[in-house]
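Subject: Structure handover

Hello,

Here is the structure I promised to pass on. Please open it first, then read my notes beside it.

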Amino acid sequence: MQDTTVTIKDIAKSLGVSVSTVSRALKDSPSISEERRKLIQAYAREHRYQPNMLASTLRSQRHARPNLIGVVVPQFIHYFFSTVLTGIEETCARYGYRIMVAQSNDTYLREKEIIEAFRLTQVKGIIISQAKDTIEYSHFEEAQKDNIPLVFYDRICTELRTSRIVVDDYQGAFSATECLIKSGCKRICYYTAPMNLEISKNRFNGYKDALQKYGLKFDTNMVKQCDNRESAEEITPETLRTIKPDGFFTTNDDTALGVLYTVKRLGYKVPDDISICGFSDGVRAVSCEPQLTTIEQRGRKVGEEAAIALIEQLEGNIPDGKYKNQIIKTKLVIRGTTRSLNNE
């Protein structure tokens, strides 16, 4: 007895082709060669393939909601991403578009599932910040093959030609490190996100260049992968014992608060013994004691510009083959976790 639950994925795997190729062949698309169309269609008939009714329903609704945009957020809990989402939603609404939002939970597999679901829903475009562990991009390429434009924000995919909206991560990190140096710090530890991310590379370069400008030796032991509060609380005691930093620059405020909690628990005074600077300027930056010195990312502005970039592309205001790359300026916000700046 033949399997009556064969899916497009099963057909693609058996025939060694992509899911989108199978989908287009089953629709008799001329973009697939006649020989391949007949092969795929014959295989589908032989195995009693039945279309996914949910997917068919979603596709049939395209004309009922023609201005739907998919948005992928790594994690809702982060203040930066929530403000980006606010900027996207408000801008899309102003131009007559609606959004469908999904959370990747910062994992490649979930991100891939979301992109596939958006393709089935036939969104007009996708705005996305990629997951931390994404190093393979075929799911983005499949969306582009379906003529779904992509706009990346914050964590961008440099392998693809797309519009990109980012904050000035290099200058933000430079300013944070410079602030710590000018306040008297000489041994500054940097807690970074995974270095496969473009934002991590840019922030690392900003940190390193600031050290060089002020004549401080760069030490690889001072750079540690740590990008959340839990990890910061776990590794900071050992960091303090072994490399004895007098300042911390962290890739986000959540990590900075983990450092702040830990150094205070261990009896250090902030900022007299240890100074700390984060990156984001969320609401928690002013809900701690002392309040956190940090870099303002302007998430709402990032969201606004990402939405505008996609809408301009959808409405033909950006010529085919052209893309919008924009850098949003950051701002150093000095509060109580750093000492007063020394005069230059």
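Predicted model: local features only at pLDDT ≥ 70, side-chain atom pairs only at ≥ 80, totals over all residues.

**Backbone**

Most peptide bonds are trans, and most residues other than glycine have a negative phi. Here are some places to look at with that in mind.

Start with the cis bonds. The peptide bond from Val-270 to Pro-271 is cis, with omega near 10°. Pro-271 sits in the loop that runs between helix H11 (253-265) and strand E9 (275-277). The bond from Glu-289 to Pro-290 is cis too, with omega near -5°. Pro-290 belongs to the loop between E9 and strand E10 (294-296).

Now phi. Asp-281 is not a glycine, yet its phi is positive, near 65°. Asp-281 also lies in the loop between E9 and E10. Its relative accessibility is 16%, so Asp-281 counts as buried.

Arg-298 is another non-glycine residue with a positive phi, about 60°. You will find Arg-298 in the loop between E10 and helix H12 (299-314). Is Arg-298 buried or partly exposed? Arg-298 is partly exposed, at 35% relative accessible area.

**Helices H6 and H7**

Two packed helices are described by the distance between their axes and the angle between them. H6 covers residues 108-121 and H7 covers residues 138-145. Their axes come within 9 Å and cross at roughly 10°. An angle under 35 degrees counts as roughly parallel, so H6 and H7 are roughly parallel to each other.

Which residues meet there? From H6 come Tyr-108, Glu-111, Lys-112, Ile-115 and Arg-119. From H7 come His-139, Phe-140, Glu-142 and Ala-143. By type, the residues of this contact divide into 4 nonpolar, 1 polar and 4 charged.

**Cysteines**

How many disulfides does the model have? The count comes to 0. A disulfide needs two cysteine sulfur atoms within 2.5 Å. For Cys-189, the closest cysteine sulfur is in Cys-226, 8.6 Å away, so the gap is too far for a bond. Cys-189 is buried, with 0% relative accessibility.

Cys-288 is in no disulfide either. Its nearest cysteine sulfur is that of Cys-277, 12 Å away. Cys-288 is buried as well, with a relative accessible area of 16%.

Glu-305 is in helix H12. Is Glu-305 buried or exposed? It has a relative accessible area of 9%, and the cut-off for buried is under 20%, so Glu-305 is buried. Which residues does Glu-305 touch, leaving aside neighbours within four places in sequence? Its contacts are Ile-165, Lys-324, Gln-326 and Ile-328.

Ile-114 is in helix H6. Ile-114 is buried, with a relative accessible area of 3%. Leaving aside neighbours within four places in sequence, Ile-114 is in contact with Val-72, Ala-102, Gln-103 and Ser-104. Take Val-101 as well: Ile-114 and Val-101 are 13 residues apart in sequence, and their C-alpha atoms are 9.5 Å apart in space.

**Where to look**

For a quick pass, go to the cis bond at Val-270 to Pro-271 and the one at Glu-289 to Pro-290. Then view Asp-281 and Arg-298 for their positive phi. Finish with the contact between H6 and H7.

Best wishes

Methods. Residues numbered from 1 in each chain as written. Heavy atoms only, no water. Helix = DSSP H or I, 4+ residues; strand = E, 2+ residues; numbered from the N terminus. Buried < 20%, exposed > 50% of the residue type's maximum accessible area, 1.4 Å probe, protein only. Axes fitted to C-alpha atoms, helices over the stretch in contact; angles between N-to-C directions. Parallel < 35°, antiparallel > 145°, perpendicular 65-115°, else oblique. Contact = heavy atoms within 4.5 Å. Nonpolar A, V, L, I, M, F, W, Y, C, P; charged D, E, K, R; others polar.
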